[in-house]
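Me: I have a model open on my screen and would like a close look at one part of it. Could you walk me through that part and then show me how the rest is arranged around it?

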Amino acid sequence: MTDSTPDTHTPTTTRDADLPTTMRAVRFDAYGDRSVLRVDEVPVPEATGDRVLVRVRAAGTNPGEAAIRQGAMAEQFPATFPSGQGTDLAGVVAAIGEDVTQWAVGDEVLGWSWERSSQAEFVSVPEGQLVAKPRRLSWEIAGALDVAATTAYAAVRAVDPRPGETVVVSSAAGGVGGIVTQLLVAKGVDVIAVASDANHEWLRSVGARPVAYGDGLEDRVRQAATNGIDALIDTHGPEYVRLGIALGVPAARIETIIAYEAAAEVGAKTDGSVDAASQEVLAELAGHAADGTITVPIVATYPLDAVQDAYAELEQGHARGKIVLVP
Ligand SMILES: NC(=O)c1ccc[n+]([C@@H]2O[C@H](COP(=O)([O-])OP(=O)(O)OC[C@H]3O[C@@H](n4cnc5c(N)ncnc54)[C@H](OP(=O)(O)O)[C@@H]3O)[C@@H](O)[C@H]2O)c1
């Protein structure tokens with residue numbers, strides 16, 4: 001090999017020949033309801049240094065994005081305007097920076113953006129925030145996987161479940177809860193899955209034991225838990241942290257991804273997506289989604305222009321699985 005001969009880690013192409021200079025991307029200029037969301041024509045981001053430009057095939061939606069856009073999280077996660085939106089992404093590598101070693105133009109990838117930028121035709125992220133898309137994984141699932149699956153992974157890890165234990169999961173058929181439920185079932189855990197009747201058949205199909213929420217929930221859980229309850233994972237709100245305490249679950253084995261104040265009051269755990277964000281974890285979860293260990297139902301797909309409609313459906317709060325934007 002001569003000095004000018006590329007080795008296998010040095011891609012010969014750093015830029016897709018068809019790359020446009022502008023793209024369509026979700027933007028908003030002020031906190032507010034869904035009506036502040038729009039799609040703008042903006043410059044395609046650069047891929048320099050260790051960054052990779054991905055032509056987005058699918059970008060998931062998450063309730064946290066709606067909370068940020070409404071200003072409900074302005075203290076912890078302030079927005080700067082104009083703001084983009086979106087963490088989850090899947091697509092095809094369109095250009096790479098000069099320091100990129102892991103990816104080449106044309107690679108199919110999924111990953112995440114920390115910059116609220118994935119709901120666009122192109123997104124630029126550091127190369128360490130991407131993993132290879134398994135061939136069997138659909139674009140829609142790949143593009144909706146990161147936040148929900150890494151959060152579910154973190155939540156399950158936080159309660160350290162062992163085979164044969166009984167774990168209660170709230171919102172057990174939601175974007176995060178549905179994956180929590182299936183990761184627990186795969187570990188041999190008996191899952192008591194709290195959800196409305198409409199989700200019970202699906203929850204049984206993935207190996208969980210559904211229980212309806214509403215009045216009398218504590219009694220129904222006690223009746224279902226003939227061997228006691230070892231842990232509780234909440235993906236809905238503070239009433240489930242309190243339920244865990246009422247059921248006698250030790251605080252160290254109660255985990256919530258949303259009820260931070262209630263967790264602080266009782267000493268429960270609050271691990272979330274940032275605690276599990278890594279290439280290794282996302283690659284493992286993508287493998288689980290590809291081999292059927294976890295199923296991720298796609299509730300609906302929307303074109304970028306219908307971003308307000310996508311969040312209207314999400315904000316109803318009863319999705320079983322993921323709502324995805326397809327630029
Ligand atoms: N900490 C983190 O890193 C992190 C990451 C992701 C998400 N989150 C937060 O976690 C929460 C869940 O996220 P997600 O993406 O899973 O949301 P999601 O998919 O929108 O959740 C929808 C689910 O909520 C269920 N639900 C509605 N009312 C309920 C109730 N009273 N009791 C129990 N379940 C109920 C629905 O079930 P039914 O249809 O059966 O009613 C539906 O399956 C959100 O607040 C989100 O902001 C935190």
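Which elements do the buried residues of α11 pack against?

Reply: Happy to take you through it. This is a predicted model, in which local features need pLDDT of at least 70 and side-chain atom pairs count only at pLDDT 80 or more, while totals for chains, interfaces and linings use all residues. Residues are numbered from 1 along each chain as its sequence is written, and side-chain values use heavy atoms, with hydrogens and water left out.

The buried residues of α11 pack against β1 (22-27), β2 (38-43), α1, β13 and β14. Contact here means heavy atoms within 4.5 Å. Helices (H or I, at least four residues) and strands (E, at least two) are DSSP runs, numbered from the N terminus. Buried stands for under 20% relative accessible area, exposed for over 50%, and partly exposed for what lies in between, with a 1.4 Å probe and protein chains only.

In α11, the buried residues are V307, A310, Y311 and L314. They sit on the same side of α11, because they cover an arc of only 90° around the axis. That arc is taken from the directions from the helix axis to the C-beta atoms.

Now to the strands beside the helix. Together with β13 and β14, helix α11 (residues 307-314) makes a right-handed β-α-β unit. Right-handed means that, with the strands pointing away from the viewer, the path from the first strand over the helix to the second runs clockwise. Strand β13 (residues 298-303) pairs with β14 in the parallel sense over 5 bridges, and T301 has V324 of β14 as its bridge partner. Two strands count as paired if DSSP finds at least two bridges between them. Strand β3 (residues 51-60) also joins β14, running antiparallel to it through 2 bridges, and here G60 stands opposite V324. Strand β14 (residues 322-326) is largely enclosed by the rest of the structure, because 4 of its 5 residues are buried.

Stepping back, the domain assignment gives domain 1 (22-145 + 297-326) and domain 2 (148-274); such bounds come from an automatic or database domain assignment. The centres of the two domains, taken over C-alpha atoms, are 28 Å apart, and 10 residues of domain 1 are in contact with 11 residues of domain 2.

The largest nonpolar core has 44 residues, and those with the most contacts inside it include L110, L145, I179 and I233. A nonpolar core is a set of buried Ala, Val, Leu, Ile, Met, Phe, Trp, Tyr and Cys residues joined through side-chain atoms within 4.5 Å. Helix α3 gives the most to this core, with 7 residues. Both domain 1 and domain 2 give residues to this core, so it lies between them. A second, separate core of 20 residues includes V168, L232, A262 and A263.

Some backbone details are worth a look too. The peptide bond from F81 to P82 is cis, with omega near -5°, and P82 is found in the loop between α1 (63-70) and β4 (88-96). D160 has a positive phi of about 45° although it is not a glycine; D160 lies in the loop between α3 (146-159) and β8 (166-170) and is partly exposed, with a relative accessible area of 48%.
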